[in-house]
Amino acid sequence: VAVIGSTGQRRHIVDVSEPANAQGVRPGMTLAEARALCPGMACLEHDPAGDYRGLEALGRWMTCFTPVVAVGWSDDVDSTPRMPARRKPPRTGKSSNAAAVPDESGAPVRPVLFLDITGSERLFGSAAQLAGRVTRAIERFNIPARIAIAPTVGAAWALASAGSKSALIVDADGLRDALAPLPVMSLRLQEEIVAALHHLGLRTIGQLLALPREQLPARFGPTLLTRLDQAIGAKPESLVPLSYEVPVAARIELDGPASSLEAIWAIFQMLLRQIVQDLVRRGRGARQLDLICKFDSASARPDVIKVIHLSRPSRDFNALFNLIRCATEQLNGGREGFVSFQIKAPVHERITEEQASFAEDHVHQNEVQFDRLIERLRVRLGQSAVVRPALVESYLPERAWKPAAESGSSTTTLTTPAVSSSTAAVELLTKRPRPLHLLATPAEVLVVSEPSDISVGSPRQFTWNGRVYRVAVVAGPERIAGEWWRGHCRTRDYYEVEDAKGLRFWLFRVIRRRMVPSHDGSNCPQTRVRWFLHGLFE
Amino acid sequence: MRLISCHDKKLHVQPPGLAPVCRGVSLSGWDDLIPNGLARRSVHELLFDRAVGHALPSFPALLLARGMMGLVPSPDVHDDDSLSSRKLIWCDPGYTLYPPAVTAAGIPLDRLCIVRPSATAVTWTVAECLRCAGVGVVVAALPAGLSRLDVRRLQLAAERGGGVGLMLRQQSRTGRADVYAAATRWLISPAPGDRTTQRWTVQLIHGHGGHLGQSFLLEARRALAPEIAAVHPVPAPAAVVHHASRAAQSRASA
């Protein structure tokens, strides 16, 4: 197995499995080279984001061993620690590689999980027993990983990355001895520094430690000394633990079923009060609320889930409850009734107090009111029932606009300047007549045209929906060529026509020419003309 | 039903000082027929005759909305107009409104919001929009067969929200008076135009202080920017072209 990444046109190997490695495939090779060496190799696309998510998930699972779990990549050497450091805690560095690393200069990115097991090793008997448990768990997941426990993050990483398969446990006294034979690579250094050290014949950490300290920064920059000190514990290093967040949610289980709307609203009111309190405590406002109503597990009816999207974060009890009321108006508990209710706020955002003071402003107040209205309408009518249009530069009339993207940020109001920017589109529009109503799909109409050559004549009469319209006034044609780069290559001739009563229509004609085999065997051109009603000038 | 009635009761308790404010719409036809101006905080009805065809008076409604939202360039523009910072909501259950044409008529798209309720939810949606203080004008084609409660609710919603409702309604075919609670009612019917001009006849049917029964001819000219709506009193054919065209020319030269 090999994992393939691509930089531009080039496809190269990011990482390989052990059998492939045995065949001579190395990371950094191009795909073609690797294929030549190992024809039966299976290839997987490199997905760094997916890998990171997986590692994070594993890290979250690891919180069963200790509350402080950090996810690290060996290449983020310059990441700045955010947490205050504690001196010399024993740590487990656990490098878990999806594929074995072939040699020390190999894989550029080595995923690693750090578990701060200060204190928690006692819960598992000893550090060795804890390491054994982690090892067994990792084996169950079928992930080849190496585990090391050391007093510092740097040492744990070094031991795990360079050490053997079995769990290494090093205490503070044996730290220097354990590190000494390890290659300099395991100090989490940039490649240039490693290359420079290699050039000078410095292979192991022991050799580095033997050198006079003062000379190191001058030659190799401050990073080397920092890393060295971190490894031996002379300098503190902190972990950035995975933040584990309690979701904002409130639920209630009832003894008996509730089916009346008043009761359900009273329950939601109660739950919402908890949610709002939670949001206030966290200084956040909800952007989405999920309402989940469950039936008794005996009845097989599925849960009722209503989702409310908010256009700006809110923790205003009345506003939120109004939305909940709108969303649950149609709720039907049936004869069984609901036995369990839950409100979740899966998406929430920071909300600051100045947002509240802005509201003094009259115009802003109107904007807020308008956003609230949009939310209410969306809850009641559906997410797609409210559209904020934006222009698109396109020659095809039906492509000339699209629903605008919602501005997600809470600080910006919904007035986006995107419209005015496409001035060319506006100019195009103001020059040409466009109907106020455009049919979603043009309706084919039967047209009598004059002169009788249908490919150039202008319409005299047309039939739409079984009604005959006699054309009194014709303006046009306006020729709109299809956008061939999008696959719309038919040219349309648009006519603005008015019937005897003064109703105005926008018709277009499409001409299709193709060769059809005639009876004597040769191909002769055939012209087919179709007319469509596209819009109404009302 | 219980809910509706309590809703209505809430609406009836109006703080004082919400009397409709009347202002012109900077469109000479309308301003001539209603010298006091069209009332804000209320509902206006634009009637159409289904017998003529499908013709909803959408474009006249758009022009009115533009005038009310302070988007008509004119010397006597009301800066203090409370609608000038608000949005236009277009109720479009048929998915046919074409926003580029709205822009071409002089309404920036960031002021426009399209709502597509199902046929049964139109009245609720319009009332909800009118009740909102962020909405300046709501344009909607109302379904036939509204109850007295429905139309009253729309009017009350407009009073509370401070915006204007432009309701496109079908003229009753029986000739019997419709149920309505609108400040003014206009009958708009298409009139014969020519190659470059589309015309409508606009007649004032109801409105306090207005010239009832009189009508004018509204024109939308294609040759100029389509926003230009010239207005002729009927039957006198004298041209009354106003500031909008001058503004358009200055814009074109800029």
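In the predicted model, A:Ala385 touches B:Ile114, B:Val115 and B:Arg116, residues up to four places away in sequence not being counted. A:Ala385 is located in the loop that runs between α14 and β13 (386–387) of chain A. With a relative accessible area of 3%, A:Ala385 is buried, because burial is assigned under 20% relative accessible area. From A:Ala385 to A:Ile374 the C-alpha to C-alpha distance is 9.7 Å in space, and the two residues are 11 residues apart in sequence.

Charged pairs were examined next. Side chains of opposite charge can pair when their charged atoms come close. Over all chains, a search of the whole structure finds 19 salt bridges. One of these is formed by A:Arg376 and B:Glu128, whose closest N and O atoms are 2.5 Å apart. This pair joins two chains, because A:Arg376 belongs to helix α14 (residues 362–381) of chain A, while B:Glu128 belongs to helix α5 (residues 122–130) of chain B. Both partners fall under the 20% limit for burial: A:Arg376 has 19% relative accessibility and therefore counts as buried, and B:Glu128 is buried with a relative accessible area of 11%.

Within chain A, a salt bridge is formed between A:Arg530 and A:Glu444, with the closest N and O atoms 2.9 Å apart. Distant parts of the chain are linked by this pair, as A:Arg530 is in strand β21 (residues 523–537) and A:Glu444 in strand β16 (residues 437–450), 86 residues apart. A:Arg530 is partly exposed, its relative accessible area being 31%. A:Glu444 is likewise partly exposed, with a value of 44%.

Within chain B, B:Arg185 pairs with B:Glu45 in a salt bridge whose closest N and O atoms are 2.8 Å apart. B:Arg185 is part of strand β8 (residues 184–194) and B:Glu45 is part of strand β3 (residues 42–48), so the bridge ties together parts of chain B that are 140 residues apart in sequence. Both B:Arg185 and B:Glu45 are buried.

Salt bridges also form a network in chain A, in which A:Asp278, A:Arg281 and A:Arg282 are linked.

Taken together, the pairs described include a bridge that joins two chains, between A:Arg376 and B:Glu128, a bridge between strands β21 and β16 of chain A, and a bridge between strands β8 and β3 of chain B.

Notes: Residues numbered from 1 in each chain as written. Chains lettered and ligands numbered in written order. Predicted model: local features only at pLDDT ≥ 70, side-chain atom pairs only at ≥ 80, totals over all residues. Heavy atoms only, no water. Salt bridge = Lys/Arg side-chain N within 4 Å of Asp/Glu carboxyl O. Helix = DSSP H or I, 4+ residues; strand = E, 2+ residues; numbered from the N terminus. Buried < 20%, exposed > 50% of the residue type's maximum accessible area, 1.4 Å probe, protein only. Contact = heavy atoms within 4.5 Å.
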